[in-house]
Amino acid sequence: MKMIEHGNCHREVQLGAGSVHVFANDEVFATFGQRVFEMAEHNLRIPRNVYFSYTPDAHVGVGTCIGTTAVWNMRDGFVSPSIVGSDIGCGMRVHLTPLHRDELKDKQLKRELIQAIETYVPTTERGQTSYTDIPLEEVVKYGLNGLPAAYLAEPADEPGGVSRSLTHVEKHTFAFDHTALAHIPAKSWQRAWGQLGTLGGGNHFIEIQSLEIADDNREIAQEWGLFDGQVVIMIHSGSRAWGAMLGRDYTKSFKEAMFKWGIENPEPSLVYAPIDTEEGQRYLNLMYSALNYAVVNRHLIGYAVERAFQDVLGKAVSTPVLYDLMHNYALEEYHRNTPMLVHRKGATKALPAGHFQNPKAYKKTGHPALIPGSMGTSSYIMVGAAGGAKNFYSICHGAGRIRSRKATKEAVTINEFEQALRIGQEDEILVNHRSLEAILDECPQAYKDVDQIIDSVVGAKLATVVAKCKPLIAIKGV
DNA sequence: ATGTCC
């Protein structure tokens, strides 16, 4: 394998059709299997690629690895539903609480919190929305701005300003050509309506965590309203069946179009089309609808968790949002003075201080980049560094799987899972599931060591740590 | 990821 070393934690691996930039320390790089590079090689056969990279959490996915950043010029580029991935708009959200972890020591209190959260956020039923008053059409068209005003009642940062719910998010509305919505069957509308504000399964979660501020970033932490021992709410969810349906349908229609155009690729699940085609445009427009859905879905989960906190701890508890951002999408961004389509599949944008693309609230510091660990290990709140420019400001999206779901179920016992959650010990992580059997494939042993992943991102000067988030409670769907 | 093959 031909390789150029670009300095700490950054290698450029040269393959037949182009190069993949890999951001990983030596230890993580050694875990990258041959199939990951084969996938890069196949993805790089998509014409006129401008940039292709892996973050340290990269692992094999359908058509394209999770942990990919792939860039084309808007003018002559390609869009790929496979590089966006199936959970369009999947992402992270953190809400702050005024509580210190010492106020959540009581196990009974934590159990009450779990129960209260589960009354508002269905984790076992598939489509049991508690928001029957919310019109889905407004949500997919206008995102957070499509919600009834009562759901955006969170106070503004400045007197007379707009709700933090609209200012402390990556984007409150993704605008697009709504005529594309006419292609969506009634059944899909109905299913997605029934899922608004629900968590979903797999790696999705609600966690209650406590913060450890990083010494080097105390000023930014203070600016963001973070303090040592602070209890925060971290949410990981996506666009549910709405995005899954679009991913499935467009993979099929792109495949037919590729056949028609005579485009071939050795990767059977990798589909793509020029941006400037009817197929490309229709997919992009509907992808925006899924981004709108996903942002609203996480917002409603956050809204519900606040109600649960108030039920258990009193009405005075308020939980303002810190930030909401995604790690699965393709969006137009300006890089090198050129409009480009940046695909991120399991990759998180992390802009540094002063970058023009930051939301107003975070222009000065850079925006928070929210990185989940696995159940039982820490998550991280990071901030982009100037060195991130070389990777189009992409960092990791989590620990990254090291074992498939099937392999995990075969390799790890319930007892080992319990040990990883420190069940029965002082710092035990409380889980909503009575039996861990149903979520065994989500055990910490299924994931890479998140600290090695973070070390790689910091080592490559892509971002720095603002706070480490230690889990107190983990709520998972099935 | 997804009422995971109506």
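Q: How many nonpolar, polar and charged residues does the surface near DNA strand B have?
A: First, the classes: Ala, Val, Leu, Ile, Met, Phe, Trp, Tyr, Cys and Pro count as nonpolar, Asp, Glu, Lys and Arg as charged, and the others, Gly among them, as polar. A residue is near a strand if one of its heavy atoms lies within 4 Å of it. Here the surface near DNA strand B has 2 nonpolar, 7 polar and 5 charged residues. Keep in mind that this is a predicted model, where local features need pLDDT of at least 70 and side-chain atom pairs count only at pLDDT 80 or more, while totals for chains, interfaces and linings use all residues. Residues are numbered from 1 along each chain as its sequence is written, chains are lettered from A and ligands numbered from 1 in the order in which they are written, and side-chain values use heavy atoms, leaving out hydrogens and water.

Q: Which residues are the closest to DNA strand B?
A: Of the 14 residues that surround DNA strand B, the closest are Arg 191, Gly 202, Asn 203, Arg 240 and Arg 405.

Q: Which parts of DNA strand B do the arginine side chains approach?
A: For Arg 191, a polar side-chain atom lies 2.8 Å from a base nitrogen of DNA strand B.

Q: Is His 397 buried or exposed?
A: Buried means under 20% relative accessible area, exposed over 50%, and partly exposed in between, using a 1.4 Å probe and protein chains only. His 397 has 10%, so this residue is buried.

Q: What is the phi of Phe 392?
A: Most residues other than glycine have a negative phi. Phe 392 is not a glycine, yet its phi is positive, about 50 degrees. Phe 392 lies in the loop between β16 (379-384) and β17, and at 1% relative accessibility it counts as buried.

How values were computed:
Polar contact = N/O pair within 3.5 Å; in protein donor to acceptor, adjacent residues only side chain to side chain. Helix = DSSP H or I, 4+ residues; strand = E, 2+ residues; numbered from the N terminus.
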